2 protein chains.
Amino acid sequence: MRTRQSGRTGRPRGFDTEEALERAMLVFWEHGYEGASLADLTSAMGISATSMYAAFGNKEELFRKALERYSDGPGSYLVRALEEPTALGVATAILNGTVRTTTRPAHPHGCMGVQGALTTGDSGREVRDLLAAWRNNGCSRVRERFQRAVDDGDLPSQADPGLLARYVTTLSFGIAVQAASGVGRDELQEVADAALRDWPLH
Amino acid sequence: MRTRQSGRTGRPRGFDTEEALERAMLVFWEHGYEGASLADLTSAMGISATSMYAAFGNKEELFRKALERYSDGPGSYLVRALEEPTALGVATAILNGTVRTTTRPAHPHGCMGVQGALTTGDSGREVRDLLAAWRNNGCSRVRERFQRAVDDGDLPSQADPGLLARYVTTLSFGIAVQAASGVGRDELQEVADAALRDWPLH
DNA sequence: CCTTTTCTGTATCGATCGCTACAGAATCAG
DNA sequence: CTGATTCTGTAGCGATCGATACAGAAAAGG
């Protein structure tokens, strides 16, 4: 038995997996994990159910990969925000990025990590827990960044990085809910601006 | 044909509709509209599907009545908050009430109005829109209350009631998402306290 | 060419979805 | 008592759920 890296035999795949995953992500983003049926997904992906299962495993695995794609695409403002030089810059980039991403006209409104599966039936429990961990992980990374700001003297020593991170992410999740409710971009940007104006990150 | 008010004939109902509705509300609160199956609901209500349909109409009507019961019960902190004498008191009562209600140990975590149907498939679109309207209605009532505070001189004349209301409700929704993610009461109360400390409602 | 391998759609699986037809049970009017 | 009315659970409706068995199609290796 030889393990060969390339030159796979057999019929080549007739669709682009990355483009199919992008379309699946958009369906999950708009309808949530349980609200997106296999028929919805495969129709948007332009393939049959058989091809989807062969390429992605099952619905839950497809969602996991779609969430990764969301994190690296529409949700990538978070990693960029963490690279801002100051804590205030980080918070500003997170809130501005949230407003922009959750109210983009050509995309579903809201945040996939929030509305993907906030509650589920029994069959969706693992995805629900996955998204809760995704949100808490985001908060943890913000906290670690703020801790570094305290260590560097960017934030005063009595600042509480955990509290600040929880506050910023709470606002971000709230903005996502408002966006899902149809609230417009301008109004949410004003909320973000006001929250940053009156917060001791200055 | 005479219309008589009382003394209805026929077999009397064998269960308490209010208690059954309370139990249905808890199931919807925990699992969401689409995540709560008829079997889940009727099992928790202690009745058969036939009895549920006779008493409440269908699943969507049951949800509407459960949401009303939520508003009058666990969510009633909002109406009480609006009666606080000052705008700061209103905001404080809303955020404290949100923290308490979304992290009560004996109840599902989070807010039914947020996680009941943030996204749905096609069959749940009306319920999703109903909840979006429910959230926006809550924001509007806070805005009207803050407008009154401006008119009364409780808030400075340059204050923006719409912005303040959107900010408070955004925080409230964000707290609800955090609670649904398993974040504890004490940590969320600190967020609420910090947000109220550094906000120009003083 | 032929064999092997992998991808393709069709057609369908058992399970569950929301919902209801039906008949028996329990009450009131007379 | 009888008849009318309403509630009750059982049993099952058609539709849809996620997931698959199957056979044909399209490539590479020999």
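The charged end of B:Lys59 sits over the ring of B:Tyr33, 4.7 Å from the ring centre. Here, a charge is over a ring if NZ of Lys or CZ of Arg is within 6 Å of the ring centre and within 35 degrees of the ring normal. In the other chain, A:Lys59 lies over the face of A:Tyr33, at 4.7 Å from the ring centre.

Some ground rules. This is a predicted model, where local features need pLDDT of at least 70, side-chain atom pairs count only at pLDDT 80 or more, and totals for chains, interfaces and linings use all residues. Residues are numbered from 1 along each chain as its sequence is written, chains are lettered from A and ligands numbered from 1 in the order in which they are written, and side-chain values use heavy atoms, with hydrogens and water left out.

Next, the two protein copies. Two copies of a chain are related by a rotation about an axis and a shift along it. Chain B can be laid on chain A by a turn of 180° and a shift of 0.0 Å along the axis, with an RMSD of 0.0 Å. The two copies are thus related as by a two-fold rotation axis. In chain B, B:Gly174 has the C-alpha nearest the axis, 1.9 Å from it. The superposition is by least squares on the C-alpha atoms of residues with pLDDT of at least 70 in both copies.

Now the aromatic rings. Rings of Phe, Tyr and Trp (its six-membered ring) pair if their centres lie within 6.5 Å; planes under 30 degrees apart count as stacked, over 60 as edge-to-face and the rest as tilted. Over all chains, this rule gives twelve aromatic pairs. A:Phe28 and A:Tyr33 make a stacked one, with 6.1 Å centre to centre and 25° between the planes. A:Phe28 is buried at a relative accessible area of 0%, and A:Tyr33 counts as buried at 7%. Buried means under 20% relative accessible area, exposed over 50%, and partly exposed in between (1.4 Å probe, protein chains only).

B:Phe28 and B:Phe63 form an edge-to-face pair, 4.9 Å centre to centre with 80° between the planes. This pair links distant parts of the chain: B:Phe28 is in helix 1 (residues 17-31) of chain B and B:Phe63 in helix 4 (residues 59-72) of chain B, 35 residues apart. Helices (H or I, at least four residues) and strands (E, at least two) are DSSP runs, numbered from the N terminus.

Sugar and phosphate account for 65% of the atoms of DNA strand D that come within 4 Å of the protein.

A polar contact is a pair of N or O atoms within 3.5 Å; within protein, one must be able to donate a hydrogen and the other to accept it, and residues adjacent in sequence count only if both atoms are side-chain atoms. An N or O atom in the side chain of A:Tyr53 is 2.5 Å from a phosphate oxygen of DNA strand D. A:Arg11 has a polar side-chain atom 3.2 Å from a base nitrogen of DNA strand D.

For DNA strand C, a polar side-chain atom of A:Thr50 lies 2.8 Å from a base oxygen, and one of B:Lys59 lies 2.7 Å from a phosphate oxygen.

Terms used
A residue is near a molecule or strand if one of its heavy atoms lies within 4 Å of it.
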